[in-house]
Amino acid sequence: MHGLLLFDLDGTLLDSKKDIALSVNYALSSTGNKELPEETIIDFVGRGLPQLIGDCLNSSERDPVQTVVEAFWTHYQEHLLDHSQLYPGVLDFLQQDQHHKKAVVTNKPYAFSKKILEELNISHHFDWLIGGDSLPIQKPDAGILKPILDDLKRKGLSTQKILMVGDSKIDIDTGKNAGIQTCGVTYGLRPRQELVDCQPDYLIENFGEFSKIGFFQ
């Protein structure tokens, strides 16, 4: 093993914004709430499903949020890959890179993430999957990485060379909080300037640039 690659999912490996927005608006309208523009919904993505729905409702009251979360869950689990697809270059990299352990670390619920990886037939490329409900904490808490690092140590593998890859400040902060290298991707769900301001170790404009960054040299 030459190192460990930790990938965010939405906006990093997967262009999923349309399916997320459609399911959010379905959940909102079916529970008597006003639909929102896709851009508004996507701006709220990244901090987990309950927070996403809470932001869309502009509410932190548990019962109304939970009602919409349940409506979203019912719809999204059947429509999570209607329009979503891997970003260009992702599949090629996963198929070609045999030297690094890989994990998906996302604030998206585990069940959705697992189904996406399986239905896209890429789950075998990842040794671990940490979802937004896998632990009591989420990104950017570096503790989210503990199960992976503990597993590496149990197997006698090095934890010295690790890279966190993502499209948001949350991802970069997770890596920095863990004391590991970070790579921001500017093609995802968050504005490019957000990534620039985070000052990751590496910044790429498309996934085709990924294997050329200094981490791999």
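E119 and K115 form a salt bridge, with their closest N and O atoms 4.0 Å apart; the term denotes a side-chain nitrogen of Lys or Arg within 4 Å of a carboxyl oxygen of Asp or Glu. The two residues stand four apart in helix α6 (residues 110–119), and are therefore separated by about one helical turn. K115 is partly exposed, at a relative accessible area of 27%; buried means under 20%, exposed over 50%, and partly exposed in between (1.4 Å probe, protein chains only).

The model is a predicted one, in which local features need pLDDT of at least 70 and side-chain atom pairs count only at pLDDT 80 or more, while totals for chains, interfaces and linings use all residues. Residues are numbered from 1 along each chain as its sequence is written, and side-chain values use heavy atoms, leaving out hydrogens and water.

A further salt bridge joins D171 to K139, at 2.6 Å from N to O. D171 belongs to helix α8 (residues 169–178) and K139 to the loop between β5 (128–130) and α7 (146–154), so the pair ties together parts that are 32 residues apart in sequence. Both D171 and K139 are buried, and a network of salt bridges links D8, K139 and D171.

The protein chain as a whole has nine helices and eight strands; these are DSSP runs, with helices (H or I) of at least four residues and strands (E) of at least two, numbered from the N terminus. Of its 217 residues, 49% count as buried. The C-alpha trace spans about 55 × 35 × 35 Å along its principal axes.
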